[in-house]
Every structure is written in structure tokens, then in C-alpha cells.
Amino acid sequence: LQALSGTSVCTVIGRGVKLDALNAVLLNGLSVGANAYDDAHIQTVIHPAAPTVAALLAYAEQHPVSGTDFLHALILSHELLSRLCCALAVAPARCHLGHYMTGLIGPIGVAAGVGKLMGLNEQQLVWAMGAAAMQGSGFRSSHGTMCATFIPGDAGRNGLLAAHLAANNFTCQEEPLTSVNGLLSAVGNPANPEALVDRLGEHGECMNVAIKPFPNGCVVHAATDACVGIVREHPFAAEDIESVELQVHPLAVSLADRKMPKDTYEAQISLQHWAAAVLQHRSAGLAEATEASVHDPAIAALRERVVVNIANDLQADEARAAVVMRDGRRFAAEVR
């Protein structure tokens, strides 16, 4: 991106170089999710920090911003992102699973947070969120590729651009989110706009955002946790395992049933890889997500013995795991 950067004013964290604001936001937002070790809104699996923090830092590097105002903008952005996702993806709302919510909704929250720091008026904030909504994008089919982390970085860049456009009175439709053929009606099937204002001022939906416990996809967490529970409770040698059974929610199977991931990106969303890596290494950290771990012959062999089954009584953040040893012993754990 250095070849595309017009100025050098914003820090690329950890790199010792500076780029223009938009490109710095793209790279910093991408970096947040590079190891799949970011945050997530539990019900909708949006990752609000990557686009929001990257954009707010870029703005604050060029303008005086107090810590209180920075946190206010951060919370405002996270709350809006969380509520918008609930309006699209939490019953009675529904939308197509293929939408990558961080890319679709992320720019809107970023535009609101940056716009608040900029002191935009009410009309300009509407325009900012509208210009941000026009740039929403991203598909879940990108999971397991580098583009999966490009999407949140791009969301931050798009939101920052939208706020600056609105500050210069670049207009859009008056109701970009709730109008006919606007965001909610175009994406929701159906949408639930009431979620945008449900208990507003009393309930903070952003309090349902949490840091991930493991560097992998949210739908893999419960199965990973169950395997961690087994290795903590029972001493055994991984080479003596006969078979492993995972029982998970249908969503986990649809998004993370990858018996033979080809690289670390695919491994981040592989139920079989994380079960095998945890049982082999007795750990579930960054080391288990490396290329060395993905291509470890022992882990690859153990992945072949992992069977994933759907359990309709489990929620998306629940799982069961059972390990059967060659001598007949059986160890099991359940995460609710």
C-alpha cells in the first residue's frame, strides 16, 4: 500500500512506517483479525473492534482527542454495530448467512463514532451513516482466506471516508437504514428495526461483545473448550487415540467442517484441526494456529480420526467432545 499512499501521517502499528489515514486504517484493522484473536458480539458474531479502533486511532493521531471522548466514540460505534446486527440477525429478524456482518455493518458504526469525534451535526451524522451503508460488503465465503481479515480493515477505511464526506456536506437519502430498499429492507428477511431502540438508554447491547478465548472462529470455540477440558482432566498419549467425536450446532458444521485445512487461514475455522491440535499439544493458543501446527504429521493424522456430528439440542456456543482410546477408555466433556 505504500505505492498507493499519498501522505505519511498515520502509524501502521508494529511496522515502523506511516501511511495516509485510509490505508493505515485498512492495515491496522486487518491486523486485529489476522490471527482470528479479536472480539465478537456473541449473538451475531460481528467483530466491532477491528474497524472501529483502527479508524478512531487514525483520526486521533491527526486531531486532539481526550481519552473520555475516544471511549465515548468507541462505545457509541460498538453499540450501533451490535444493535444493527440484532436488527438483521437475531430472531425475529433473519438474513442470509452469507453476509459477513463486520463488512456489511462495520462502516456504519465507524462513521458514527468518527463523526461524533468530528462534531458532526445530526444531519451530517445521518449522511455519514448513509455513505457508510453504501460501502458495506463482504461474504462469509471469504473465511479461510486472507480476504476474511481484509473485510474488517476495509470496513474501518470505508467508515472513516464516509465521516469525512459528510463533514463536507456530501449527502445521501434521509433514511439510509430504514427506508424502502435501504439497508434493513434490502438485507433483512425480515428485519427487526425495533432492535435498534429496544431499551435504549437502559440496556447496552455492546456489553455482549467479548474477547475471544481462542484464536479461531466463534463457532469453533465450544468444541475447542470441550477438548481443553478433556486434556486437563485426563492424562493420555495422543498417539493412543482411536477416535474423536464432536457434537456441535448445525451452524458450526456449515461454517467449520474442514477435515484437512491447507493453511493457517483454513485452520482458524476447522473443527477437526482444533480438536486434533488441542489433543496433541494439550493447549489452544497461537502455536496451535501456525503453519507448523497445520502441517504437523501427528496432528494431520489425528484430524482424520475426528468425526463431526450435528446435535440439534445444542446452541451455536455449545458442544460435546468424546475421545475413545485404543484400550477402550472413553473421556468426554460438554460445554454449555
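Is Lys262 buried or exposed? Lys262 is exposed, since its relative accessible area is 53%; here buried means under 20% relative accessible area, exposed over 50%, and partly exposed in between, using a 1.4 Å probe and protein chains only.

A quick word on ground rules. This is a predicted model, so local features need pLDDT of at least 70 and side-chain atom pairs count only at pLDDT 80 or more, while totals for chains, interfaces and linings use all residues. Residues are numbered from 1 along each chain as its sequence is written, and side-chain values use heavy atoms, with hydrogens and water left out.

**Salt bridges**

Searching the whole structure turns up 13 salt bridges, a salt bridge being a side-chain nitrogen of Lys or Arg within 4 Å of a carboxyl oxygen of Asp or Glu.

| Asp38 | Lys212 | 3.0 Å |

Take the bridge between Asp38 and Lys212. It links distant parts of the chain, 174 residues apart: Asp38 is in the loop between helix 1 and strand 3 (39-41), and Lys212 is in the loop between strand 4 (209-211) and helix 8. Both Asp38 and Lys212 are buried. As for Asp198, it is partly exposed with a relative accessible area of 38%, and Arg199 is partly exposed too, at 44%.

**Helix 1 and what covers it**

Helices (H or I, at least four residues) and strands (E, at least two) are DSSP runs, numbered from the N terminus. Helix 1 (residues 21-33) has 13 residues and spans 19 Å from first C-alpha to last, close to the expected 18 Å; that expectation is 1.5 Å times one less than the number of residues. At its start, a side-chain oxygen of Asp20 comes within 3.1 Å of the backbone nitrogen of Leu22. Buried residues of helix 1 include Ala21, Val25, Leu26 and Gly33. The cover over the buried residues of helix 1 includes strand 1 (10-12), strand 2 (17-19), helix 2 (49-62) and helix 6 (147-167).

**His221 in helix 8**

Over in helix 8 (residues 218-233) we find His221, which counts as buried at 13% relative accessibility. Which residues does His221 touch, leaving aside its neighbours within four places in sequence? They are Lys212, Pro213, Phe214 and Asn216, where contact means heavy atoms within 4.5 Å.

Strand 7 (residues 319-325) and strand 8 run antiparallel and are joined by 6 bridges; two strands pair if DSSP finds at least two bridges between them. Ala319 stands opposite Val335 of strand 8. The two strands form a hairpin with 4 residues between them, and Gly328 in the turn has a positive phi of about 95°. Strand 8 (residues 330-335) has a covered face made of Phe331, Ala333 and Val335, and an uncovered face with Arg330, Ala332 and Glu334.

**Cysteines**

The disulfide count is 0, with a disulfide taken as a pair of cysteine sulfur atoms within 2.5 Å. For Cys218, the nearest cysteine sulfur belongs to Cys85, 12 Å away. Cys10 is buried, with a relative accessible area of 1%.

Notes: Polar contact = N/O pair within 3.5 Å; in protein donor to acceptor, adjacent residues only side chain to side chain.
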